[in-house]
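Here is a short briefing on charged side chains, their partners and their surroundings. Keep the structure open while you read.

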Amino acid sequence: MQEQAKVSELRGYTGKPLYSVWFGAESEERTVFVDAVKYVGCLKCALLAEKTFAVESVYGRACVVAQWVDPENKVQEAIDACPVDCIS
């Protein structure tokens, strides 16, 4: 029952981020995503691009809180530093 409720929430999903704030240009199509299942708690992304990534307090997993708020090179540095390649 809970799964059906979640599916109905996503109907009509446009592809824009659901849980992060968008600061990119209207025409920008690239986004950053953290695969929370692969995440191992290293905190590197949140330390390197602190405006883009945060570690949520309930499960201790990294998430993207804002798109296009850190310079692109800082976000790329965080992606490159990820030891389990969970950021895309």
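Is D35 buried, partly exposed or exposed? D35 is partly exposed, because its relative accessible area is 24%, and buried would require under 20%. The model is predicted, so every value below is computed from it.

**Salt bridges**

- A search of the whole structure finds three salt bridges.
- R30 takes part in a salt bridge with E28, at 2.9 Å from N to O.
- R30 also meets E72 in a salt bridge, again with an N to O distance of 2.9 Å.
- The R30–E72 pair ties together parts that are 42 residues apart in sequence, because R30 lies in the loop between strand 1 and helix 2 while E72 lies in helix 3.
- Together, E28, R30 and E72 are linked in a network of salt bridges.
- R30 has a relative accessible area of 43%, so it is partly exposed.
- E72 also counts as partly exposed, at 46% relative accessibility.
- K74 and E50 join their side chains in a salt bridge of 3.2 Å, N to O.
- This pair links distant parts of the chain, 24 residues apart: K74 sits in helix 3, and E50 in the loop between helix 2 and strand 2 (53–55).
- K74 is partly exposed at 24% relative accessibility.
- E50 is partly exposed too, with a relative accessible area of 42%.

- D70 sits in the loop between strand 4 (66–67) and helix 3 (72–81).
- Which side chain of opposite charge is nearest to D70? That side chain is K74, 4.2 Å away.
- A polar atom of the D70 side chain lies 3.0 Å from the backbone nitrogen of K51.
- Leaving out residues up to four places away in sequence, D70 touches A49, E50, K51, T52 and V75.
- One of these contacts, E50, is the salt-bridge partner of K74.

**The loop between strand 1 and helix 2**

- D35 is found in this loop.
- A polar atom of the D35 side chain is 3.1 Å from the backbone nitrogen of V37.
- D35 and C63 are 28 residues apart in sequence, and their C-alpha atoms are 8.3 Å apart in space.
- T31 lies in the loop between strand 1 and helix 2 (44–48).
- T31 is partly exposed, because its relative accessible area is 37%.
- How far apart in space are T31 and S88? Their C-alpha atoms are 8.2 Å apart, although the two are 57 residues apart in sequence.

**Nonpolar surface patch**

- V21, F23 and V69 make a nonpolar surface patch of about 250 Å².
- V21 has its place in strand 1 (residues 21–22).
- V21 counts as partly exposed, because its relative accessibility is 44%.

Technical notes. Residues are numbered from 1 along each chain as its sequence is written. This is a predicted model: local features need pLDDT of at least 70, side-chain atom pairs count only at pLDDT 80 or more; totals for chains, interfaces and linings use all residues. Side-chain values use heavy atoms; hydrogens and water are left out. Patches are made of residues with over 30% relative accessible area and no salt bridge: like charges are joined within 9 Å, nonpolar side chains (Val, Leu, Ile, Met, Phe, Trp, Tyr) within 5 Å. Accessible areas come from the Shrake-Rupley method with a 1.4 Å probe; for residues, only the protein chains shown count as cover. A salt bridge is a side-chain nitrogen of Lys or Arg within 4 Å of a carboxyl oxygen of Asp or Glu. Helices (H or I, at least four residues) and strands (E, at least two) are DSSP runs, numbered from the N terminus. Buried means under 20% relative accessible area, exposed over 50%, partly exposed in between (1.4 Å probe, protein chains only). Lys and Arg count as positive and Asp and Glu as negative; His and the chain ends are not counted. A polar contact is a pair of N or O atoms within 3.5 Å; within protein, one must be able to donate a hydrogen and the other to accept it, and residues adjacent in sequence count only if both atoms are side-chain atoms. Contact means heavy atoms within 4.5 Å.
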